[in-house]
Amino acid sequence: MSRNGVMARAVQRMVDGAEAWNLNYSAVGNPPVYDNSVFPWAADVEAEWKTIRTELDRILVRKGELPAFHEISSEVRSISSDSNWKTFFLCGYGIRSEEAIRQCPETWRILQKIPGLKSAMFSIFEPGKHLPPHRGPYNGVLRFHLGLIVPDQPDKVGIRVADRLCHWEEGKALIFDDAFEHEAWNHSDAVRVVLFVDFEKPLKFPARLTNKAVLNMAVFTPFIREGYKAHKAWEKIFYGSGQKHR
């Protein structure tokens with residue numbers, strides 16, 4: 001077995017062990033969908049949703065130029081390979097788009113209200129988009145969606161997390177554990193956009209430390225590094241060459 005293979009197996013064992021600890025040492029329980037009151041900062045973000053929406057509207061003027069999610073993140077190709085799921089990336093697991101942050105400074109300011117912020121982007125579902133059932137790769141984060149543009153057709157727009165059927169609302173947060181099987185759809189004839197955030201799951205000691213170690217390693221994984229290169233290449237076209245990122 002190659003050295004890379006041995007390392008990959010060792011890392012996977014560490015992740016598997018951390019997942020078990022994350023369940024046993026959760027400070028907020030392990031439901032598929034959370035009551036927003038568990039996270040008081042959610043109301044603070046909701047209160048400024050129109051400010052975020054204003055910056056989003058400026059981005060959507062060039063919606064046709066935004067990348068499909070699978071063009072940036074190869075790991076989503078198993079669930080999405082068309083152009084109907086677009087993204088505008090702000091940050092992810094140690095990597096930031098400085099140009100995107102300059103485009104959306106108020107959104108970035110508001111995002112700092114979220115403890116343990118790991119990734120943030122605008123997630124855009126074109127009409128007809130349906131993500132099939134899937135689960136996230138690791139249960140050390142929770143997912144936050146803030147409804148920004150939501151067609152008023154709850155019978156056609158929604159998300160299922162485990163056995164919970166949920167609907168986005170403009171200006172309202174939805175917080176769930178993407179380690180549960182979930183699927184999402186926009187069967188309406190209009191665009192749906194949410195602010196899509198991953199944040200560290202609140203954990204008790206010692207799982208909190210192990211989780212931080214696993215999450216800090218993410219920036220070194222092929223998925224993150226390849227995604228960074230793909231996004232940087234797209235940004236050179238979208239913003240013009242010569243931009244610096246970190």
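Let's start at phenylalanine 122. Setting aside neighbours within four places in sequence, Phe122 is in contact with Ile52, Leu56, Lys86, Thr87, Phe88, Cys104, Thr107, Leu148, Val193, Val194 and Leu195, where contact means heavy atoms within 4.5 Å. A quick word on what you are looking at: this is a predicted model, in which local features need pLDDT of at least 70 and side-chain atom pairs count only at pLDDT 80 or more, while totals for chains, interfaces and linings use all residues. Residues are numbered from 1 along each chain as its sequence is written, and side-chain values use heavy atoms, with hydrogens and water left out.

The largest nonpolar core has 39 residues, and Trp41, Phe88, Phe122 and Phe144 have the most contacts inside it. By nonpolar core I mean a set of buried Ala, Val, Leu, Ile, Met, Phe, Trp, Tyr and Cys residues joined through side-chain atoms within 4.5 Å. Buried is under 20% relative accessible area, exposed is over 50%, and partly exposed is in between, using a 1.4 Å probe and protein chains only. Apart from that core lies another one of 19 residues, including Val76, Ile79, Trp85 and Ala184.

Now to one of the contacts of Phe122, Cys104. Cysteine 104 is buried, at a relative accessible area of 0%. Where is the closest cysteine sulfur to that of cysteine 104? It is in cysteine 91, 12 Å away, which is too far for a bond.

Strands (E, at least two residues) are DSSP runs numbered from the N terminus, and two of them pair if DSSP finds at least two bridges between them.

Look at E8 first. Strand E7, residues 157–161, pairs with E8 over 3 bridges in the antiparallel sense, and valine 161 stands opposite arginine 164 in E8.

Is leucine 131 buried or exposed? With 4% relative accessibility, leucine 131 counts as buried. Beyond its neighbours within four places in sequence, leucine 131 is in contact with Ile79, Ser80, Trp85, Phe125, Glu183 and Ala184.

How values were computed. Helices (H or I, at least four residues) and strands (E, at least two) are DSSP runs, numbered from the N terminus. A disulfide is a pair of cysteine sulfur atoms within 2.5 Å.
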